[in-house]
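The stops below are given in the order in which they may be selected.

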Amino acid sequence: LAERHNYCSELPGFWRTVLQNSDEFSEYIERHDGPVLEHLRNITTMYLEPRESGFKVSFHFDSNPYFSNQTLEKVYHAQRHNKYVTKLCITRIESTKIAWYPGKDVTVETIPCKRTKSAFCRRAGRSRREVVPRPSFFRSFFRDLAQGEEVPEDELDSDMDQDGLMETLIRDDTDQARALCDSIVPHAIRWYTGEVECDREGTGESDDSGEDVEEEEEEEDR
């Protein structure tokens, strides 16, 4: 892995390309995320101790003009709801808070104010501009999620009840992380070259990495 890391670090935009070529992340990476991901130098995964308590995904960055963090981590906390059922359920996801440099936060944008709707703009008067959230990989992926907690504000337009929506968000987020652990990181070079996608198109197979993890966990518990 160390040898692969040294080799991949020399390839331009290696991990950005890997993520953009994967079904799990491609639709979440916006144009303005690209320059930030150019500074991503490695992605590592590891199980927590004890193993059944969850796992961790770490994004390692070079020093960059966007934020001061060297590593952005996501910790997936699991628990077994029933001792007779081997499947582990992720109930809480903790993410590193990104320390953006002033004016470099790609998860927001500055737009002209709408006079009739923004009290802030009426008070500011002079600039008539406001900072608003916008879609970003760094907004949707690096956030805390937990059963019983409030749903992120940008997800509240869903028709689902909050408990059901939080369950869906945790499940979708966990599927992305398991894809990183089981497919994307171990076969990163093939994702970079597009070889994985060619293989899948040739065989008609889909990525069942989430199911593989669950089956692996069941085998270990037997």
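Select the lining of the largest pocket: its residues comprise six nonpolar, three polar and 12 charged. Here Ala, Val, Leu, Ile, Met, Phe, Trp, Tyr, Cys and Pro count as nonpolar, Asp, Glu, Lys and Arg as charged, and the others, Gly among them, as polar. The model is predicted: local features need pLDDT of at least 70 and side-chain atom pairs pLDDT 80 or more, whereas totals for chains, interfaces and linings use all residues. Residues are numbered from 1 along each chain as its sequence is written, and side-chain values use heavy atoms, without hydrogens or water.

A pocket is an open set of points on a 1 Å grid over the protein atoms alone, where a 1.4 Å probe fits, with protein on both sides within 12 Å along at least five of seven lines; lining residues have an atom within 4 Å of a point. The largest pocket holds about 420 Å³ of space, the volume being that filled by probe spheres set on the grid points, which are joined across faces, edges and corners. Of its 21 lining residues, Tyr 28, Ser 140, Arg 143, Glu 155 and Gln 176 lie nearest the centre. Two elements, α5 (137-140) and α6, each give two or more residues to this lining.

Which element gives the most to the lining of the largest pocket? It is α6, with five residues. Select residues 162-184 to display this helix: its 23 residues reach 31 Å from first C-alpha to last, close to the 33 Å expected at 1.5 Å a residue, that is, 1.5 Å times one less than the number of residues. Helices (H or I, at least four residues) and strands (E, at least two) are DSSP runs, numbered from the N terminus.

Next, select Phe 137 in helix α5. Phe 137 is buried, at 1% relative accessible area (buried: under 20%, 1.4 Å probe, protein chains only). Its contacts (heavy atoms within 4.5 Å) beyond four places in sequence include Tyr 28, Phe 59 and Phe 142.

Finally, select Leu 145 in strand β7 (residues 145-146). Leu 145 is buried as well, at 2% relative accessibility. Its C-alpha atom is separated by 6.5 Å from that of Ile 170, 25 residues apart along the chain. Among the residues that Leu 145 touches, beyond four places in sequence, are Met 166, Leu 169, Ile 170 and Asp 173.

Note on methods: Buried means under 20% relative accessible area, exposed over 50%, partly exposed in between (1.4 Å probe, protein chains only).
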